Amino acid sequence: MKNTEIDTSWTFTNTVTLADFIRKNELQVGASGNLSSVILRIALATKIVSRGVNRAGLASMMGLAGEVNVQGEEQAKLDIYADKVFSSTLGRSGYFLSMVSEEREELWPAKKGSETSHYVIAFDPVDGSSNIDVNVSIGTVWGIYRRISDGSNVDPNDTSDFLQPGKNQVAAGYTIYGSSTMFVYSTGHGTHGFTLDPTIGEFILTNPQMEMPQDGNIYSCNEGNYHGWSEGVKQYVDTLKDPSKHASGNTHSARYVGSLVADFHRTVLKGGIFMYPGDKKNPNGKLRLLYECAPMAFLAENSGGRASNGNSSISDLVPTDIHARTPLFIGSTKMVEEVEKSIREHGGD
Ligand code: P6P
């Protein structure tokens with residue numbers, strides 16, 4: 001080989017990294033570049049968490065940390081680890097004024113936040129952490145808003161930056177730590193999925209412009225709560241279990257992982273409906289609006305799906321507090337509309 005030639009055999013063809021894709025999109029939508037840098041920072045944080053998740057068993061990161069979070073839920077060691085990774089990696093970026101985490105009672109100022117920080121971020125560092133010790137997929141969920149406060153200081157009691165409807169998100173996403181680690185996000189221009197190639201440490205574009213099927217035959221809910229559900233929800237689920245009661249006459253399959261990120265990811269790819277309804281004991285259900293339901297609703301809508309609290313769009317709801325809960329019905333538009341109709345006809349509480 002002449003010494004003027006370079007060996008290009010190592011280059012990959014049709015390999016689009018997250019950074020390539022974000023920069024190309026940024027040019028197309030005339031973005032400032034700040035949001036692009038933020039998303040790449042989030043991707044870095046989830047790569048670090050992914051390494052922790054994959055080594056959990058080896059690094060004695062399994063099991064409970066012996067503490068309880070604001071939700072009254074026992075914290076797993078990975079919850080605390082992931083919360084620290086996110087808060088430090090993103091907090092030092094300078095892009096965020098303040099942050100909210102499922103693992104912390106109050107919002108707190110980002111390390112390098114200032115009046116020049118345009119955004120605030122809410123995240124669930126490890127969703128589904130009860131599945132960690134049994135090696136079932138778990139995930140991180142996040143949503144970003146433009147701040148509406150003047151940014152002069154961060155008062156933990158001033159939650160106005162976070163009490164915005166989900167449709168105000170400038171970006172949202174999740175990372176699923178499963179058989180592979182996938183980064184899925186949207187900035188309002190479609191929902192796109194990337195798979196981590198750990199040999200090069202890059203998220204590679206594998207699912208551009210994800211399109212959720214408009215209808216489906218999979219339903220996902222914890223039927224152990226059936227007797228506490230409203231009549232409308234019960235009647236809808238009954239039609240899914242008995243083809244003679246369903247307008248289509250089709251049979252349906254039940255799939256429930258017990259990790260919102262895993263159940264939602266399957267729903268985006270295969271269609272269907274995920275439901276966490278309210279019940280007699282918890283009328284607002286279990287899932288949190290700000291850092292679980294609103295980001296998933298943003299992603300669902302950007303892939304052609306729908307997300308509802310049973311009566312109205314999740315994306316229109318304004319949280320009453322940073323840890324507010326909401327019933328969630330999310331997935332194929334036709335199926336979400338069916339359950340909304342059943343609730344209207346047979347009662348929703
Ligand atoms: P249940 C995990 O704890 C979580 O917050 C979501 O990831 C999941 O969808 C839901 O709770 C599962 O709740 O009551 O069915 O165990």
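How do the residues of the lining of the second largest pocket divide into nonpolar, polar and charged? Colleagues, the lining holds seven nonpolar, eight polar and three charged residues. Here Ala, Val, Leu, Ile, Met, Phe, Trp, Tyr, Cys and Pro count as nonpolar, Asp, Glu, Lys and Arg as charged, and the others, Gly among them, as polar.

A word on the source. This is a predicted model, in which local features need pLDDT of at least 70 and side-chain atom pairs count only at pLDDT 80 or more, while totals for chains, interfaces and linings use all residues. Residues are numbered from 1 along each chain as its sequence is written, and side-chain values use heavy atoms, with hydrogens and water left out.

To return to the pocket: 18 residues line it, and Ser-230, Gly-278, Pro-283, Gly-348 and Asp-349 are those nearest its centre. Its space comes to about 330 Å³. A pocket, on a 1 Å grid over the protein atoms alone, is an open set of points where a 1.4 Å probe fits, with protein on both sides within 12 Å along at least five of seven lines; lining residues have an atom within 4 Å of a point. The volume is the space filled by probe spheres set on the points, which are joined across faces, edges and corners.

Strands (E, at least two residues) and helices (H or I, at least four) are DSSP runs, numbered from the N terminus. Strand E13 (residues 273-276) runs antiparallel to E15 and is joined to it by four bridges; Phe-274 has Ile-330 as its bridge partner. Strand E14 (residues 306-308) also pairs with E15 in the antiparallel sense, over three bridges, and Arg-306 stands opposite Gly-331. Pairing requires at least two DSSP bridges between the strands.

Finally, the aromatic rings. Rings of Phe, Tyr and Trp (its six-membered ring) pair if their centres lie within 6.5 Å; planes under 30 degrees apart are stacked, over 60 edge-to-face and the rest tilted. The count is 10 aromatic pairs. The centres of Phe-86 and Phe-123 are 5.0 Å apart and their planes at 40°, so this pair is tilted. Phe-86 lies in helix H3 (residues 77-91) and Phe-123 in strand E5 (residues 119-127), 37 residues apart. Both Phe-86 and Phe-123 are buried. Tyr-174 and Phe-264 are edge-to-face, at 5.9 Å centre to centre and 90° between the planes.

Terms used: Buried < 20%, exposed > 50% of the residue type's maximum accessible area, 1.4 Å probe, protein only.
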